Amino acid sequence: MRRQYKRALITGATSGIGEAFADILPASTDLILTGRNAEKLGALQERLAVGGRAIEIIETDLRSPTDRKKLISRSESLETDLFVNNAGLGFFSHFTETPADDEAAMVDVNVVAVHELTHALLPGMIERAKQTGERAGLIIVSSVIGHLPMPYFATYAATKAFDLALAEGLAEELSREPVDILALCPGATATDFQARAGAPNDMFDRAESSISVARKAMRALGRRRVLVSQLPMRFGLSYNTAIHRIASSGAHAYFKRLMRHGPKE
Ligand SMILES: NC(=O)c1ccc[n+]([C@@H]2O[C@H](COP(=O)([O-])OP(=O)(O)OC[C@H]3O[C@@H](n4cnc5c(N)ncnc54)[C@H](OP(=O)(O)O)[C@@H]3O)[C@@H](O)[C@H]2O)c1
């Protein structure tokens, strides 16, 4: 871990990767934990508030503009210096048959909330880092799927492409500021995500543990801008490598085709 943070805000801390971040951060880091599941938030507070550690729990539906504003205001007043933008969801389904509200939920939580919270909290984080001389940290959880379009996960993949592009763009734009920015792109990870998404089992074959993903992310923060986290596949070539290869050659192939055919008259 590069450094210790004073106070971390973790969205989607009630389960999976978000909960793993809450578990691995050192006791010297106070926490602001959010999610909709109040019972789980209470249990987390009880488990993690040891030795005078401050654990603030904020029940938040990230689809609600009012809840987002409340969360921003409280996080700003508590002077967050690490922000793990993790909450997210996906539905593995036919686009034309997915209820409009499920489609909107993916966009609201994975895109609108990520954008709004990041835009509202980053300036204060940077300002405080300048004053204290301690770098701030921002992790935006995208996905390996953020690298490529994907049928049946079309909307989810598009939202995760947004998260990836936002994090990479900000990392470059703010490279002279005292903030480390990481796009975390987990591959299959053993959480509630698969069941909630209705995704097929073989997609989650050899899933990595959420603790392993969170640990790798904290090691990568400040050292790189994108972390693709995935266990190697049995046939040797890791899914990550394959995705990266397809992503880069895919763009190249698109460009070649476009250049050959030109725009339609
Ligand atoms: N698991 C994977 O294989 C995988 C792979 C790549 C990327 N990811 C990404 O990793 C992140 C964490 O997912 P996970 O795998 O840990 O899944 P998870 O176990 O289902 O956890 C998702 C978290 O997001 C929160 N959340 C969902 N909708 C919300 C809403 N409307 N308002 C507030 N919080 C909401 C949930 O909290 P409540 O239920 O309490 O609201 C929960 O804490 C997501 O961004 C996901 O896209 C996961």
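These entries record what I looked up in the fold and in the ligand shell of this structure.

**Basis.** I worked from a predicted model, in which local features need pLDDT of at least 70, side-chain atom pairs count only at pLDDT 80 or more, and totals for chains, interfaces and linings use all residues. Residues are numbered from 1 along each chain as its sequence is written.

**Fold.** I found eight helices and nine strands in the protein; these are DSSP runs numbered from the N terminus, helices (H or I) of at least four residues and strands (E) of at least two.

**Sheet.** I traced an open sheet of seven strands, parallel in its pairing, in the order E3-E2-E1-E4-E5-E6-E9; two strands pair if DSSP finds at least two bridges between them. Strand E3 (55-59) and strand E9 (226-229) each have a single partner strand, so one side of each is left without a neighbour in the sheet. I then looked at E4 (residues 82-85) and E5 (residues 136-141), which run parallel and are joined by four bridges. Val84 stands opposite Ile139 in E5.

**Ligand shell.** I counted 28 residues around the ligand, the closest being Gly12, Gly16, Gly35, Arg36 and Gly88; a residue is near if its C-beta atom, placed from the backbone, lies within 6 Å. Helix H1 (16-24) and helix H6 (193-197) are the elements that give two or more residues to this shell. H1 gives the most, with three residues. By class, I noted nine nonpolar, 14 polar and five charged residues in the shell; Ala, Val, Leu, Ile, Met, Phe, Trp, Tyr, Cys and Pro count as nonpolar, Asp, Glu, Lys and Arg as charged, and the others, Gly among them, as polar.
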